[in-house]
Amino acid sequence: MELSKYLKGKKIIFGITGGIAAYKAANIVSALRRAKADVHVVMTKNALEFITPITMKTLSENNVILDMFDDHGYVTHISLTEIADLFIVAPATANCIAKLRAGIADDMLSTMLLAYNKDILLVPSMNDNMLNNPATQENIEVLSKRNINFVMPDYGKLATGKVGKGRFPEIEKIILKIIELIYVKPLINSISNNCFDKLKNFISSKNFCVTCGATREYIDPVRYISNGSSGKMGFAFINAINSMGGKLKVIAANYTDSRIDWFNPIRVGTTIEMKNALMENLKDIDCIIMSAAPSDYRIKDEFTSKIKKGEDYINLKLVKNPDIISEVRKDYKELKILGFAAETDNIEQNGFEKLKKKNMDAICINKVYKDQIGFNQDENEIIFIDKNNSTFKIEKMDKEIAAYQVLYYLFKDSL
Ligand SMILES: Cc1cc2nc3c(=O)[nH]c(=O)nc-3n(C[C@H](O)[C@H](O)[C@H](O)COP(=O)(O)O)c2cc1C
């Protein structure tokens, strides 16, 4: 993903507070700067114990704002807050979150946060007991209700070596959230008047299942039939749904997009395994996104030992796999199903027939050719058709952005 497409020239205020993950802010500021964003770092007094302002000044190529009263009458906290496109605090300490909830403005960062009336993004990171403390939990809940955005901490090894929730999240997760707020939100709002928040509220009340990756049908213990699906489109949906607060189950066959690992997928191998995993996991699901590429055929009689090189020709008999979507539809009549059709010819016609035949709610059709178009690419060009035959063309763009648009078209009539 070429970040500068989305972030070039954007003014970002970047707050750093006194947490052990403060050094990780350097990588984010550096990535934003490489994407040609104009980054203004504000540090609390306690943040200075963890990372030096000279580092942040060098990386951001702007003076670091430290003190309320060091700019000789120039009212930084107001002037910058009026022109910035986004205000991030990463890491955000428990203390900083509590102060924002209470409206305390006793240093430059907290004062600027109160003066800022556009999107704020907080990235909490702390010891798990601090995070689980009812005070912190309630502060996060109250701020979320006030439309403050969060990328919540990951589960993993904490600074003390203990394993728990509180770890500073993957930097790419934060960057994707920044792009959502700076680029995707205005994009969705431009399709339909102020619909982004409605879409977010809707998604946050639903349970989703996303399938992704390519199934493998083994010929012998070492060879298989598969396809080039990387899981990137699946990840794009997972990220968008997770970021908008939807509850998620991920069922993944083989994938090369390692970002899927962030979401603890249920792993499957073959098409039949994928079907079985789905049937067991769909009970509370409202919407399923079938972005996996399952194999339509499997080997009739799998060889139990590795096939030795010998004969000039060998015959492989293939048998049809169950059609996952049709099977799911039989048992789950009310489930919203978004399918995919990766086609090489007559793409619109073939996709449309698939939508009707399998009784889906909508389908995303895209062209594939080896690993040059569609599969394993960062970008995708999608034709979205719903069961009422409404068609929307999504121009070629990064999959992470296209996923939000597809979700909008999928749910627009419910918003
Ligand atoms: C070594 C050390 C590491 C700390 N790490 C964190 C942390 O990761 N998250 C957090 O919320 N507080 C952490 N604290 C506590 C904060 O520094 C403390 O609450 C401070 O008042 C925060 O100030 P600020 O929010 O103005 O930056 C840590 C303290 C120490 C001494």
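Does E61 count as buried or exposed, and how many C-beta neighbours lie inside 10 Å?

1. E61 counts as exposed because it has 10 C-beta neighbours inside 10 Å.

2. The model is predicted: local features need pLDDT of at least 70, side-chain atom pairs count only at pLDDT 80 or more, and totals for chains, interfaces and linings use all residues. Residues are numbered from 1 along each chain as its sequence is written.

3. The chain holds 15 helices and 19 strands. These are DSSP runs numbered from the N terminus (helices: H or I, at least four residues; strands: E, at least two).

4. Of the 415 residues of the chain, 42% count as buried. The C-alpha atoms occupy a box of roughly 85 × 50 × 40 Å along the principal axes.

5. Most residues other than glycine have a negative phi, and most peptide bonds are trans. E61, however, has a positive phi, near 60 degrees, and is placed in the loop between α3 (53-60) and α4 (76-83). N147, which is not a glycine either, has a positive phi of about 65 degrees; its place is in the loop between α8 (134-145) and β5 (149-150). N147 counts as exposed, with 10 C-beta neighbours inside 10 Å.

6. The peptide bond from A90 to P91 is cis, with omega near -5 degrees. P91 belongs to strand β3 (residues 86-92).

Definitions and conventions
Buried ≥ 20, exposed ≤ 12 C-beta atoms within 10 Å, placed from the backbone.
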